[in-house]
Amino acid sequence: MSRRKSLSNPNLDNMVAAAPLEKLHNRRDFLSLMVNGLGYSALAVTLPGCGSSEEEDDEQSETDPVTVETEIPQASAAYTVLKRTSFGVHRDQLESINNLGIDQYIEQQLDYLNIDDASLESEIQNRFPLIFETPERLYAGFPGNIEAVVRQMIAATQYRQIFSRRQLYEVMVEFWTDHFNIHLINGLEPTLKPSDDLQVIRTHALGSFRDLLHASAKSPAMLFYLDNYNNLASAPNENYARELMELHTLGVDGGYTETDIKEVARCFTGWTIEFPNNGTAEYGVFRYNDAIHDQQSKVVLNQTIAAGGGQQDGEQILDLLAEHPSTADFIATKLCRRFVSDDPDQATIDRVAEAFSTSQGDIKQTLRTLFASNAMQANADQKLTRPSEFLAGLVRTLAPDTGYPADSGELYFFAQAILGQLPYFWSTPDGYPDAQSYWSSTGGILNRWRLSFFSFAPISLSNDIIRIDYLPMLNGAETLAEITDALTDAILMRPISSADRRHIIDWLTTEYRYDEDANLPDDVPEQIAPLVAAVLVSSVYFQLR
């Protein structure tokens with residue numbers, strides 16, 4: 001019989017502290033295993049300096065000095081592509097990409113509308129109905145419904161990232177959500193952002209960048225977040241114009257000037273939204289108000305916008321920016337950083353930028369070029385996963401066939417909050433960082449190790465949150481060495497170094513006092529399995545992509 005692992009306390013620190021880690025006799029040995037083995041010494045040479053609290057420093061001081069090794073066994077190209085285009089390796093998808101080949105698998109994922117996710121979307125509509133409501137209906141319950149809207153937005157995002165078969169689509173949804181970031185807790189945003197998510201991000205995530213840019217510019221959530229709703233000819237507001245050029249299109253070094261920002265702001269005067277007190281029943285709808293638009297001519301990036309264009313002034317600017325070479329370079333660089341490494345090679349960036357330009361911003365065609373590159377397929381383990389990938393990957397790997405937890409995602413919510421990446425909670429317009437240096441602090445790594453113990457740290461037997469069935473993973477393993485090998489194959493699904501395999505086996509022999517090749521009593525392998533699983537998902541083999 002497999003055991004059910006039950007967690008009910010929403011506070012991760014308390015959960016870990018209270019967990020009956022009866023088999024983890026020596027915490028010092030565990031930390032030593034993590035730091036000196038399982039690839040972390042290899043990772044240490046690529047990570048920038050790590051900040052840490054006093055508590056974290058105390059925990060680090062329990063470890064032995066780091067012995068630096070610089071290589072871990074290379075993952076296969078199929079595994080690497082899957083790891084980078086999903087929220088964690090699911091066994092079925094690994095089998096699929098191995099059977100189909102990388103190119104065909106990518107084509108299937110790009111053709112996401114033909115991947116049947118109907119049952120998942122039906123579940124989401126039943127569980128999280130507020131994310132489908134109009135701004136007007138959400139405003140009727142505002143502000144009392146803020147917490148409910150926030151929780152459903154976050155839970156629906158986590159649900160899709162963990163369970164959707166359209167993994168590449170969900171990765172791109174997250175990419176564009178950060179690119180066109182809007183903080184969910186910002187004034188009226190809890191009433192506006194759900195529509196932005198559906199009509200802007202999810203509608204265009206694998207479509208045309210031009211269409212995505214136009215939709216974002218007219219999104220009431222974006223108009224409100226960057227103050228463009230209050231952009232008057234008599235008092236131009238430059239907030240949206242600045243972020244449009246710096247963050248959404250050209251990039252900070254894209255060749256524009258302060259004068260261009262002021263001129264772009266003038267082009268968007270009159271773009272606003274309907275508010276509840278406007279006397280209409282269309283709160284949260286885009287409106288163009290000609291009476292407050294600057295009707296004079298403007299000059300942007302050396303191109304003249306003729307006088308009297310009205311709303312078309314802004315439309316022309318969006319087209320100009322979408323087609324600009326700096327935009328192609330900026331988007332290509334961000335995509336390469338997202339899918340390859342923090343420092344992608346210039347040749348790959350140039351090819352992706354060319355694909356973006358020649359396809360007129362076709363996102364699928366741009367991704368095809370990137371995914372076919374040597375940088376994407378051959379250079380594995382270039383980047384630490386972000387918390388959203390780590391958390392979803394934990395469930396997708398350890399419990400790939402489980403249902404949604406009985407706590408309606410409460411535990412996932414708090415886990416991701418502690419890891420520091422709650423969806424829609426980045427306050428500034430630049431979105432969550434996609435740089436390894438931001439996520440690789442000592443505290444961040446320690447929190448991942450703590451979270452790893454979800455796999456074997458039951459708190460309450462009354463509420464089943466996540467069910468992990470270790471018997472299929474063990475595949476009849478009877479010795480400590482066999483358990484290590486079986487779970488490495490089932491959980492990591494990639495090779496590890498002989499040194500790291502030895503680290504795990506030696507640690508198990510110390511913890512359990514069995515010889516590594518001795519046949520264990522019948523129920524012992526399943527008792528040991530959760531601890532081995534926790535160690536494996538704590539390793540860099542699991543955390544890199």
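**Cavities and pockets**

Author: This is a predicted model. The structure holds six cavities of 30 Å³ or more.

Reader: How much space lies in the largest cavity?
Author: About 210 Å³. It has 20 lining residues, and the closest to its centre are Thr157, Glu174, Thr177, Pro423 and Tyr424.

Reader: Which helices supply its lining?
Author: α10 (146–163), α11 (167–179) and α12 (189–204) each supply at least two residues.

Reader: And what is the lining of the largest cavity by class?
Author: Seven residues are nonpolar, seven polar and six charged.

Reader: On to pockets. What is the volume of the largest one?
Author: The largest pocket holds about 550 Å³. Its lining has 26 residues. Phe330, Lys334, Arg337, Asp430 and Asp434 lie nearest its centre.

Reader: Which helix gives the most to that lining?
Author: α18, with five residues. α11 and α15 (239–248) also supply at least two residues each.

Reader: How many of the lining residues are charged there?
Author: In the largest pocket, 11 are charged, 10 are nonpolar and five are polar.

Reader: What about the second largest pocket, what volume?
Author: About 430 Å³. There are 22 residues in its lining, with Asp92, Gln93, Ile115, Ser164 and Arg165 closest to the centre.

Reader: Which helices supply at least two residues there?
Author: For the second largest pocket, they are α6 (91–100), α7 (102–110), α10 and α22 (387–398).

Reader: And its lining by class?
Author: The second largest pocket is lined by nine polar, seven nonpolar and six charged residues.

How values were computed: Residues are numbered from 1 along each chain as its sequence is written. This is a predicted model: local features need pLDDT of at least 70, side-chain atom pairs count only at pLDDT 80 or more; totals for chains, interfaces and linings use all residues. Side-chain values use heavy atoms; hydrogens and water are left out. On a 1 Å grid over the protein atoms alone, a cavity is a set of points where a 1.4 Å probe fits but cannot get out, and a pocket is an open set with protein on both sides within 12 Å along at least five of seven lines; lining residues have an atom within 4 Å of a point. Grid points are joined across faces, edges and corners, and a volume is the space filled by probe spheres set on the points. Helices (H or I, at least four residues) and strands (E, at least two) are DSSP runs, numbered from the N terminus. Ala, Val, Leu, Ile, Met, Phe, Trp, Tyr, Cys and Pro count as nonpolar, Asp, Glu, Lys and Arg as charged, and the others, Gly among them, as polar.
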